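Hi,

Here is the structure I said I would pass on.

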Amino acid sequence: MKAQPSVTLIRPPRVLSRTSLNTVPPVAPLTLAYLAGALRANGVRTVSIDGCAAADRCTPLDDLPFVVNGLTADQIAEQVDGTSLFVGVSCMFSREWIYQKRVIRAVRRQFPHLPIIAGGEHVTADPEFVLRDCPEVSACALGEGEETIVDLARALQKSAPLTGSHGRPGTGFRSRSISIAASAWTST
Ligand code: B12
């Protein structure tokens with residue numbers, strides 16, 4: 001029997017100043033745990049890639065005065081399973097969007113047809129900006145994600161189109177006018 005495709009969840013690495021003398025230590029990936037827990041409770045397999053886990057590693061960025069603390073965008077993209085139902089990327093801090101979108105772009109370069117759903121506080125604050133600034137994002141999940149991510153998995157398992165807004169006020173997802181069929185997505 002063919003295994004059901006899993007959902008890949010990503011926490012991007014932290015972005016720190018090159019010259020900072022102190023910083024807060026990384027915390028446990030609670031977001032991925034909550035989202036994976038909701039999916040698993042509904043029978044959906046998950047793979048989590050915690051970009052902060054390699055927190056002893058700092059990679060300077062060539063074009064910005066920051067370091068990436070954890071896995072780089074390419075290292076994360078290499079770990080993504082191309083047969084995933086979709087990839088969910090958690091974007092908590094707006095100040096880290098400069099690199100979160102590089103993670104999303106690296107995954108998109110590697111897997112042009114995978115739906116990529118962005119969620120988290122930054123995305124909830126301004127989904128229109130996220131969709132505009134990063135065309136590689138297929139849809140934005142708004143607010144708390146435990147129910148939305150299960151709805152998304154169910155919709156994509158059935159190849160149902162993801163269009164417009166959906167869900168309870170303040171939650172659900174918002175997409176550019178995208179249709180998803182047989183795991184390929186096109187934006188219009
Ligand atoms: C705990 C916390 C911290 C902790 C730990 C942060 C961490 N790395 O985990 C500490 C104390 C370290 C911290 C620090 C900071 N914080 Co803080 N923090 C929070 C707080 C209170 C809760 C975050 C949390 O863990 N929630 C629990 C998890 C499970 O929820 P979640 O991540 O939101 O995920 C849910 C949804 O967003 C959604 N979701 C998330 N990702 C995805 C992905 C997909 C695909 C889907 C479908 C859904 C989805 O579903 C999840 C489950 O419901 C929030 C406020 C809040 N109520 O959200 C502020 C908050 C995130 N912090 C904030 C800020 C500004 C900071 C600091 C920059 C403050 C400062 N000036 O230094 C620093 C930055 C730290 C750093 N990176 O260097 C802002 C971010 C605003 C923004 N847009 O950038 C927030 C929103 C507070 C606020 N209202 O201003 N913070």
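Which of the 24 residues around the ligand come nearest? They are G88, S90, G119, A141 and G145, where a residue counts as near if its C-beta atom, placed from the backbone, lies within 6 Å of the molecule. Helix 1, strand 6 (87–90), strand 7 (116–119), helix 4 (121–125) and helix 6 each give two or more residues to that shell. Helices (H or I, at least four residues) and strands (E, at least two) are DSSP runs, numbered from the N terminus. Helix 1 has the largest share, four residues.

Before you go further: this is a predicted model, with local features needing pLDDT of at least 70 and side-chain atom pairs counting only at 80 or more, while totals for chains, interfaces and linings use all residues. Numbering runs from 1 along each chain as its sequence is written. The average pLDDT (the predictor's confidence in each residue, from 0 to 100) is 85, and 82% of the residues score at least 70.

Now the helix pair. The axes of helix 1 (residues 30–41) and helix 6 (residues 146–157) come within 9 Å and cross at roughly 50 degrees; axes are lines fitted to C-alpha atoms over the stretch in contact, with angles from 0 to 180 degrees between N-to-C directions. Helix 1 gives Y34, L35, A38 and L39 to the contact, and helix 6 gives E146, I149, V150 and A153 (contact means C-beta atoms, placed from the backbone, within 7 Å).

Cheers

Notes:
Contact = placed C-beta atoms within 7 Å.
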